[in-house]
Structure formats: structure tokens, C-alpha cells
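Me: I have a model to go through. Please take me through its features one at a time.

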Amino acid sequence: MARHGGRGWYGRVAAAALGVTALAAATSVWTAQAGPAGGHPAARPAAPRAAHVSAAIAHASDRGAHAVNITVDDGPDPVWTPQVLQLLRDNGVKATFCMVGTQAEAHPDLVRRVVAAGHRLCDHTVSHDTTMDTKSRAYQSQQILDAERRITKASGGVRPVYYRAPGGAFTPYSRHLAASHGMRPLGWNVDSMDFERPGADAIVATVRSELGNGPTLLFHDAGGDRSQTVAALRTLLPWLKRQGYSFGFPVR
């Protein structure tokens, strides 16, 4: 997985993460998010510990070989997330939203909309530090567990069931920590390159040309102007359906 650079938008949220301790995250309570790929998730009663899942980075789809997983990173954002949600609804598609903790905390209404629409939540750390794999275990723990706490609180009690390291900056420690809290590490196979804003046509062309790499597709709904992503999804979602693809969630 390629590391993404130049994401200056996240510098403005990094300061919000510095004063948060791992202790606060470790004492949070988690609830489970589940449900079939086409259905709505259900909130389960609070539990002191989440079920352990595999620490291997997931790429496959729970809908089999001829399926894709739509994953959407970095939000929620009040401008772009509602537009992405509408496109997904119009096409009958469920997706996985990898949320930055500070964004989830700032926009809990959008987190709840994502959950209510039957999509799944993914922990994308507190401040989207793409150098996490060079930092201490204490720092990694704070970033992952505090984001989990913030997302769970914003959602009204539905916890993230995946963990995606910013820019793919996984470490063995971060993978096993996330898995021990019920969050399967989540990779991607197709980077749409939408973050770089190359134009909607270029985003569409990239996805079409790289579909053979695997089922998990990476898009963004925050971090800047995402109008090209919205336009590309407007083309890609019906096109994928015409090609006979089904839409699933990453395996857990």
C-alpha cells in the first residue's frame, strides 16, 4: 500500500490530539456493529471488551470473488459526506467509512447518518498521522484507542469494526492492538488517487484499470474539495453494477 503524503489539512487537527491520553481511551466502552452486507447494522449492549479478530490486514470482500468493497476515508465532512451518502443510497450500495476521530467528534450527526444507512465504521486514528509507524507504542495506542472512543461516542454507541492506518502506516503492534479491540486492520487494493484531484475522468479510469488488483477500493470524503470524487462515484457505481459486481464489506 502506498503511503500518501502532502495532506496538510490534517495538520490543523493534530493539535487536538496531543492532549489526549491513552488512559482515557483504554477506559472507554465499546458496542458492536454488525449486520449483513445489504442490511442495517445493529447496536449491541455495551461490553467491557470487544471480540478479538484477525490482526492480518484485510483486503477480501465478504461477498466473494466478483465483488467490491467501497471504502471512504477521512471524514465525515459536512459538505461531501452527505453527497456520498446520497449516491450510495441511490445505487443501493453499502460502504465502509474510515473516520478521523476529530472529524467524528465535530460532526456526530453525520456519523449517525452513516450508521443509520447501514454502512460500517472504521477507525482512521485521531489526527491522520501518516508517520505513525515511526512513533512509540504509547502514541500509536493513543491515536487508535482515542479515535475509537470518539467515533463510538459520536455514533451513539456503535463502534468501528475496522482500523485503517493513515497512508498504510501499519505496525505489528498497531495491527494487534486494533484486532484485540475488535477492529480488523483494513488495507486497500485500488487507490483511486482521488485525493490528488486529478479530475473525475482520471479517477474513473484509474479504478477501471486497477480493478484486477482486488476488491477494496479507496476514496475520500474529506481533506479538501471532493467534488471530483462525487462525480467519479456517480459514474463508477452504476458502471460496476453493469459489470456484474456486487457490493460487500471487507472480511472480518
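Me: Is Cys98 buried or exposed?

Reply: Start with the cut-offs: buried means under 20% relative accessible area, exposed over 50%, and partly exposed in between, with a 1.4 Å probe and protein chains only. Cys98 is buried, with a relative accessible area of 1%.

Me: What ground rules apply to the values here?

Reply: This is a predicted model, so local features need pLDDT of at least 70 and side-chain atom pairs count only at pLDDT 80 or more, while totals for chains, interfaces and linings use all residues. Residues are numbered from 1 along each chain as its sequence is written, and side-chain values use heavy atoms, with hydrogens and water left out.

Me: What average pLDDT does the protein chain have?

Reply: pLDDT is the predictor's confidence in each residue, from 0 to 100. The protein chain averages 86. At least 70 is the score of 80% of the residues.

Me: Where does pLDDT stay under 50?

Reply: Where pLDDT is low, the predicted coordinates should not be read in detail. Here the stretch under 50 is residues 1-48. The model has 108 contacts for these residues beyond four places in sequence. Contact means heavy atoms within 4.5 Å.

Me: Back to the cysteines. How many disulfides does a search of the whole structure find?

Reply: A disulfide is a covalent bond between the sulfur atoms of two cysteines. The cut-off is a pair of cysteine sulfur atoms within 2.5 Å. The search of the whole structure finds zero. Cys98 is in no disulfide, and the nearest cysteine sulfur, that of Cys122, is 3.0 Å away.

Me: Now the whole fold. How many helices and strands are there?

Reply: Helices (H or I, at least four residues) and strands (E, at least two) are DSSP runs, numbered from the N terminus. The protein chain has nine helices and eight strands. Of its 252 residues, 59% are buried. Among contacts with a separation of 6 or more, 78% join residues 24 or more positions apart.

Me: At what angle do α6 and α7 pack?

Reply: Axes are lines fitted to C-alpha atoms, for helices over the stretch in contact, and angles run from 0 to 180 degrees between N-to-C directions. Helix α6 (residues 137-155) and helix α7 (residues 172-180) pack at about 40°, with axes 10 Å apart.

Me: Is the crossing left-handed or right-handed?

Reply: A crossing is left-handed if the near helix is turned anticlockwise from the far one by less than a right angle, and right-handed if clockwise. α6 passes α7 in a right-handed crossing.

Me: Which residues meet between α6 and α7?

Reply: From α6 come Arg137, Gln140, Ser141, Ile144 and Leu145; from α7, Tyr173, Ser174 and Leu177. The contact residues divide into four nonpolar, three polar and one charged. In that scheme Ala, Val, Leu, Ile, Met, Phe, Trp, Tyr, Cys and Pro are nonpolar, Asp, Glu, Lys and Arg are charged, and the others, Gly among them, are polar.

Me: What should I look for in the backbone?

Reply: Most residues other than glycine have a negative phi, and most peptide bonds are trans. The bond from Gly75 to Pro76 is cis, with omega near 5°. Pro76 is in the loop between β1 (67-73) and α3 (80-90).

Me: What is the phi of Thr125, and what is that of Arg197?

Reply: Thr125 has a positive phi, near 75°. Thr125 lies in the loop between β3 (120-123) and α6, and is buried, with a relative accessible area of 0%. Arg197 has a positive phi near 55°. Arg197 lies between β6 (190-191) and α8 (200-210), in a loop. Arg197 is partly exposed, at 41% relative accessible area.

Me: Which residues does Asp194 touch?

Reply: Not counting residues up to four places away in sequence, Asp194 touches Ile203, Leu218, Phe219, His220, Arg226 and Thr229. Asp194 sits in the loop between β6 and α8. Asp194 is buried, with a relative accessible area of 1%.
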